[in-house]
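Visitor: Please take me through one part of this model in detail. I would like to look at the places where its pieces meet.

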Protein chains: 4
Amino acid sequence: MRLPAPVHSFASDNVAGAHPAVLEAIAAANTGTAAPYGADPWTARAVGRVRELFGAPAAEVLFTYGGTGANVVALQSVLEPYEAVICPATAHINTDECAATERFTGAKLLDVVTADGKLTPDLIAPLLDPARGEHNVRPAVVAISQVTELGTVYTLDEIAALAELAHAHGLVLFVDGARLSNAAARLGCSPAQLATHAGVDLLTLGGTKNGLLYGDAVVLLRPDLARRARYARKQAGQLASKMRFIAAQFDALLAGDLWLNNARHANTMAAKLAAALGHVPAADVLHAPQANSVFVRVPSWSIAPLQDWSFFWTWDSSASTVRWMTSFATTDDDVSRFAAGVEHLTDPAAHSHPKADAGEVAGAQKAHS
Amino acid sequence: MRLPAPVHSFASDNVAGAHPAVLEAIAAANTGTAAPYGADPWTARAVGRVRELFGAPAAEVLFTYGGTGANVVALQSVLEPYEAVICPATAHINTDECAATERFTGAKLLDVVTADGKLTPDLIAPLLDPARGEHNVRPAVVAISQVTELGTVYTLDEIAALAELAHAHGLVLFVDGARLSNAAARLGCSPAQLATHAGVDLLTLGGTKNGLLYGDAVVLLRPDLARRARYARKQAGQLASKMRFIAAQFDALLAGDLWLNNARHANTMAAKLAAALGHVPAADVLHAPQANSVFVRVPSWSIAPLQDWSFFWTWDSSASTVRWMTSFATTDDDVSRFAAGVEHLTDPAAHSHPKADAGEVAGAQKAHS
Amino acid sequence: MRLPAPVHSFASDNVAGAHPAVLEAIAAANTGTAAPYGADPWTARAVGRVRELFGAPAAEVLFTYGGTGANVVALQSVLEPYEAVICPATAHINTDECAATERFTGAKLLDVVTADGKLTPDLIAPLLDPARGEHNVRPAVVAISQVTELGTVYTLDEIAALAELAHAHGLVLFVDGARLSNAAARLGCSPAQLATHAGVDLLTLGGTKNGLLYGDAVVLLRPDLARRARYARKQAGQLASKMRFIAAQFDALLAGDLWLNNARHANTMAAKLAAALGHVPAADVLHAPQANSVFVRVPSWSIAPLQDWSFFWTWDSSASTVRWMTSFATTDDDVSRFAAGVEHLTDPAAHSHPKADAGEVAGAQKAHS
Amino acid sequence: MRLPAPVHSFASDNVAGAHPAVLEAIAAANTGTAAPYGADPWTARAVGRVRELFGAPAAEVLFTYGGTGANVVALQSVLEPYEAVICPATAHINTDECAATERFTGAKLLDVVTADGKLTPDLIAPLLDPARGEHNVRPAVVAISQVTELGTVYTLDEIAALAELAHAHGLVLFVDGARLSNAAARLGCSPAQLATHAGVDLLTLGGTKNGLLYGDAVVLLRPDLARRARYARKQAGQLASKMRFIAAQFDALLAGDLWLNNARHANTMAAKLAAALGHVPAADVLHAPQANSVFVRVPSWSIAPLQDWSFFWTWDSSASTVRWMTSFATTDDDVSRFAAGVEHLTDPAAHSHPKADAGEVAGAQKAHS
């Protein structure tokens, strides 16, 4: 077997481009002048679509440029600077946003070690009621990611239980929904069921990872939380002047089932990738994918050559595990070529010096390809 | 004369869409997967083009989603939280960004009243050396906008004089270049002359207002100022995951003369608008446009009807002045139709109740159109 | 006439030490152990005295270490990070606190140029209702200093007019009362009249400048504004562990008329100083003191020698004016010696080289003394 | 045995008053006027004493009002807003300062679970080099408390090992020295050995907990770290106007061995308390005190009655453990009376309803006393 030519990257779902329908929507919106900052008909229509999606006709919907910005705007809307956010240690807001939440809101993240990236009532209960007044920050938000950063998906009941406990203690439940569509596809339920009916108070809805060029949304399901939101978006540099182009993309995504089809496709491709890797002797798929990520243990000496061949980030080098993700744009061919490459590069027999350092192996690979 | 049908808005240059070549560049970049966050070939190429434009091969160039974000990232790169920015009272960072600079950097803006939106050595000299140690903030940045918010353009000598004085006192010179291209077009000089050779230390370069869908750039001409910049961009929520699409737009803008042609066209259209309005008896063009904005005094009773007919913001209601802007997309027909509309709506003879309230006049207009 | 020996400094009222009764109160409180952070009987008693002073039995009263801290805690209690404080350009919070308010609250100060350090309804009216939504910060607080930094005192009617206008627009009225006692002494009215009845919503009450070692108070006259205050005080590092010692000082100050007598004495001494300087040919008292500061024009060549002889800060070197302040501890002898020194050092005839540089003059002076 | 009358509180060392010599020093400094903000001879002298104590003649020494303020000023001096502080999960800055560090500096705390409140090279090594550039905060400070919040004391070697590792990775080592004197007393070494020679870069030195009324110090042993410190102190509201009174206290503390004697006495009293509690059957001293705190397991039903009798905070209610602290002011009689009270209130035989609720037991106690 020979190493396939360098392929599609499985590093993340943000390595994909934009869905063609999204580009078409942008081109269609590129007509004449339009009032900036969201006072345009595209924005009005897209806001309506988000409200409909969540069954929340009074929700405040604010489009932002990106996901970190959306999270910051949402959290700023509900946090005092002496308050705290309870989140999993693995939360994107805790590990991947350069402390933007702390920086912008002043709030502290109280991170909780979890088994699978998911908070549970038992895990958060001890943190809900600090006893010592102003000496401690005051928990105000329970923050979960749906899908989680470990690729797991909360069930509706799990979310509802968190919401109930949070509300009983005066906190709100926030969902980082960068991949909410993938969760909806997984659970076979609507965003309304997944968020509004389950007791979520506010969330961000990812667009970029589901086929847009750029654009995410802050959705304040409870309109009483919206007081600060528009100011926060502006102050955070997330208010697009040519807003119609974000809105047109969301309109294209949500007008029909594109959002769901894109997410479903990504999930299906992850399942296929896991299945294909199931046939690779040296690759150990850690658990069946719940959404669009696959976590795999591979020989540690193979990680650098694999990265050299097809870019992805190290996940946990001490455990020799990697994360590979699929997107709306991943094809069957991408999957099979990638699995073939993994098989080749993790096969000790195919390498004269299986424990050689990365540089040498990388050199060897290049000779193969 | 009859009122033309509602037209092209002259509210700002951000009411325009995107230049077709920019959309084509995005479509061309929408191929396969690409490493996110700027580790892609489009970004490398576009960074190179910016460096070339400014004759600054070692400059740190960071693309951002938007202009407020770019300003914040640039200023954060050079400010301590106890420092201050000297800027005109009319600066966009002072009046239009919801105090994002203060919020994100902690720095104070020391705003200076100017005649024409331009700082001068005389105006800033008294602020450069506060005598009272830690009781006062310490000025660290002189911030100018080129083109200014009042539509004026600094000459190369004026910029050099500010740079010289700032440097002599240990400050840096920052340019909010949301419309730097229009200034270059006006002055007939290169961005390198306008910034690098004139002594500017860091700037932002507007893309959105010159034909992009979205995207601006932070340009740290002095690489020694770059230490904090990447962290600041991430923490400010301005690091695009699908960076290739911002980069591809800048590549299209800067590869040839598109940036200059767009700016030149906008400036030309402003001159034409001013000329056309010169024939409108009730419209008083305050001064010849230097770039792409026209400031005009109109009868106060006509402002609301004019806004109702073609959206723009109030500029200075007490002085009965309005600002109208042109863009790369403004056409000769737009200008002549707009001037005709202004003539119609500012003509007392055409209105039976010239001092009627806005609502009534608006109603009357609609009957006319 | 000979130059008196270096004397009492008139640089500020904070150059004084502590009143003996205050030290006695501290010594008396230095008995046994006490619950920290304000849960002690001294604090309960002192809080009661402040409430009584302001006729506001439900007011939230929080002691802080110092004045900058008190201002920050008070303002944080009522400000969102996208809001603004309207204040005179000369306000201590604007010019002397190293932008602590902006830094801690995120809010912007909208500073207004005034004739005499006092805001008026006419001056603030144009700022109360920004028209442009989230592009601008939202004014939320009108901040005045009573006594002002220019030594002027608001009348009850002036405060009431500001309160009425602020409230009509949804803003609150804050008073930086570092020298509120001096204003009460001047006006012959109670703090309750001066603040609570005049419509003030929250204030800080200076202790340090009126005879304490250290200690100021945040007084939220409207208890509904108190929600954030305790957290803000802790987060701002202003929650004293050994709170009983601040409280004991306030108790001593407020138990009888010490606060008023101290302030009255300081005011009286300023009047005496102004009178004594009225006899100095080269010193021009700019206006009759309203509280405990005296603003004087002296020959510019005399300022450095005067500072060298008795420390004070430059006030306005371009206008050749200085500020001298009196305190509870200033004596008649201090005043007459100081006036004699001023007479000596501002007398051109007494100096062979009246335009000599400071160093030379200082040397000459030392030979005189 | 009967319950002793309510006694001295062992809740913390901040429940004590001030040492008489400290009050005398304040009284002695209460003479004439003095330049404010530290430009006075007391401050110069006290700064000299701190430098001498640490054998660091060029150290920047800044007095602050309190400990939270001192920590914030010190950390602000060395942190960028995108950086992080590695600290034990039990650190005072992490659990007891209402996130003042995050709020003021923007930095994130990376808290590490420890066995005994002490960081070790092994615990911090995995955090020193984040691999992902600007997506993560960048660790810049290793922060330890000496004495720790769990009453343990780092040896000189342990500190040196942390310093070496921190420096090798470009981080600085900060010590929260609220109880540094107690550590020096424990280890029988000088502060110079404990900090300067062991590689500490900057620290705070507690005064309040060692006999002052109020006052702590920021000590930047490396003068090159001092650039921001004075501004940070002012901006944090920690610059006392009547600085001479903090300085005079430090002068009294450090002029001879008062600082050491106070700390030694507190430590000795903790040892005596532990010994006395060793005779109480129901009180289980968890480990021999290393400084001035004693951690004890008592019957859970006894905690509320004990608190009702002599105030202290709950430490770990789930483990039924309490923390009792001694101070410079604790006497042998305080210890023996307290131990007797603990014996009485933890004796099941003395209580007819040992599991009665706190209220009932408290009532019963009051009848006893």
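Guide: Across the interface of domain 1 and domain 2 of chain A, 6 residue pairs are in polar contact, with both partners at pLDDT 80 or more. That cut-off matters here, since this is a predicted model.

Which helices build the domain 1 side? In chain A, α8 (180–187) and α11 (244–255) each supply at least two residues of the side that touches domain 2. The largest share comes from α8(A), with 5 residues. Sort that side of domain 1 by class, and you get 9 nonpolar, 7 polar and 3 charged residues.

Now step back to the two domains themselves. Domain 1 of chain A covers 33–256, and domain 2 of chain A covers 259–368. Their contact takes 19 residues from domain 1 and 18 residues from domain 2. The centres of the two domains, taken over C-alpha atoms, are 31 Å apart. How much area is buried between them? The figure is about 1,500 Å², and carbon and sulfur atoms give 55% of it. The size of an interface is often given in this way, as the accessible area lost when the parts come together.

Start with chain B and chain A. Here 47 residues of chain B are in contact with 47 residues of chain A. Together the two chains bury about 3,900 Å², with 56% of it on carbon and sulfur atoms. In chain B, three residues lose the most area to chain A: B:Arg103, B:Gln235 and B:Lys242. Together they make up 19% of what the chain B side buries.

What about specific pairings between chain B and chain A? Polar contacts do occur: the count is 32 residue pairs, both partners at pLDDT 80 or more. Several helices of chain B take part. At least two residues each come from α1 (20–29), α3 (67–78), α5, α10 (229–235) and α11 (244–255) of chain B. Of the elements on this side, α5(B) gives the most, with 4 residues. By class, the side of chain B that touches chain A has 23 nonpolar, 18 polar and 6 charged residues.

Chain B also meets chain C. In this contact, 19 residues of chain B touch 19 residues of chain C. The area buried between chain B and chain C is about 1,600 Å², and carbon and sulfur atoms give 47% of it.

Look for salt bridges again. Between chain B and chain C the count is 2. One of them joins C:Lys108 to B:Glu102, with the closest N and O atoms 2.4 Å apart. The polar contacts between chain B and chain C come to 10 residue pairs, again with both partners at pLDDT 80 or more.

Which elements of chain B face chain C? Two or more residues each come from α4 (92–95), α5 (100–105) and β3 (108–112) of chain B. The strand β3(B) gives the most to this side, with 3 residues. By class, the side of chain B that touches chain C divides into 6 nonpolar, 5 polar and 8 charged residues.

Technical notes: Residues numbered from 1 in each chain as written. Chains lettered and ligands numbered in written order. Predicted model: local features only at pLDDT ≥ 70, side-chain atom pairs only at ≥ 80, totals over all residues. Heavy atoms only, no water. Domains from an automatic or database assignment. Contact = heavy atoms within 4.5 Å. Buried area = accessible area lost by both parts, 1.4 Å probe. Polar contact = N/O pair within 3.5 Å; in protein donor to acceptor, adjacent residues only side chain to side chain. Nonpolar A, V, L, I, M, F, W, Y, C, P; charged D, E, K, R; others polar. Salt bridge = Lys/Arg side-chain N within 4 Å of Asp/Glu carboxyl O.
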